[in-house]
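Hello,

Here is the structure I promised to pass on to you. Please open it alongside this email, and I will walk you through what turned up.

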Amino acid sequence: NEPAGCEVTSKTLGIIGCGRIGRIVGRIAAGGFGMHLLIYDPYLTESPCGGELVTNRDRVFREADFLTLHLPLTADTYHDVGEREFSLMKSTAIFLNCARGLLVDETALIRALQSGQIAAAGLDVTEQEPCPPDSPLFGMPNVLLTPHTAPAARETAVRVSSMAAENVIRFFRQETVSSRVV
């Protein structure tokens with residue numbers, strides 16, 4: 001039997017979207033696990049977390065051992081990752097989505113996982129929330145599904161509420177709001 005799992009040390013983490021959460025993930029991955037970072041974010045001009053900022057998004061999909069999405073859901077990012085992107089990935093790559101389910105063409109993801117085009121996926125979000133019980137994702141041994149419950153922690157709820165209140169104050173003062181979702 002083959003051992004379950006794999007090490008992350010010295011592996012390449014591809015980060016698509018490197019805002020607040022992507023930066024935290026990058027710092028932890030590089031600093032805590034010694035991972036090499038490939039970062040694609042068209043709004044950045046320098047790497048915010050010590051990784052290599054690249055302008056070729058396809059390179060991130062081709063070279064990442066682990067690929068994580070940290071994009072907002074907009075009309076431009078709907079199904080941003082699909083057949084084409086999965087076809088670029090290594091067969092040993094692990095795909096992670098903790099951002100928004102609709103960023104990913106789930107049918108394409110399921111095909112990529114079933115065919116062995118990619119090795120595995122860790123999903124905190126799915127196209128339909130909650131994930132339907134009859135979804136093929138539930139029966140796949142190479143998929144880890146978790147509920148999108150990070151905001152349910154007491155500390156997180158307090159922090160999010162404080163940020164929202166601060167943004168209301170900033171808005172009425174005609175100041176720039178932080179952590180804005182547009």
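A residue is called buried here when its relative accessible area is under 20%. Please keep in mind that this is a predicted model.

With that cut-off in hand, let's begin with helix 4, which covers residues 106-115. Its buried residues are E106, A108, L109, I110, A112 and L113. What do they pack against? The buried residues of helix 4 have helix 3 (83-88) as a partner, along with strand 5 (94-97), strand 6 (120-123) and strand 7 (143-145).

Both ends of helix 4 are worth a look. After the helix comes G116, which has a positive phi, near 80°.

Next, R57, a residue of helix 2 (residues 57-63). Is R57 buried or exposed? R57 counts as buried because its relative accessibility is 16%, and the cut-off for buried is under 20%. Setting aside neighbours within four places in sequence, R57 is in contact with I16, Y40, D80, V81 and E85.

Finally, V8 sits in the segment before strand 1 (12-16). Its relative accessibility is 23%, so V8 counts as partly exposed. Not counting residues up to four places away in sequence, V8 touches F33, M35 and F66. V8 and A29 are 21 residues apart in sequence, and their C-alpha atoms are 8.5 Å apart in space.

Happy browsing, and do write back with any questions.

Best wishes

Definitions and conventions. Residues are numbered from 1 along each chain as its sequence is written. This is a predicted model: local features need pLDDT of at least 70, side-chain atom pairs count only at pLDDT 80 or more; totals for chains, interfaces and linings use all residues. Side-chain values use heavy atoms; hydrogens and water are left out. Helices (H or I, at least four residues) and strands (E, at least two) are DSSP runs, numbered from the N terminus. Buried means under 20% relative accessible area, exposed over 50%, partly exposed in between (1.4 Å probe, protein chains only). Contact means heavy atoms within 4.5 Å.
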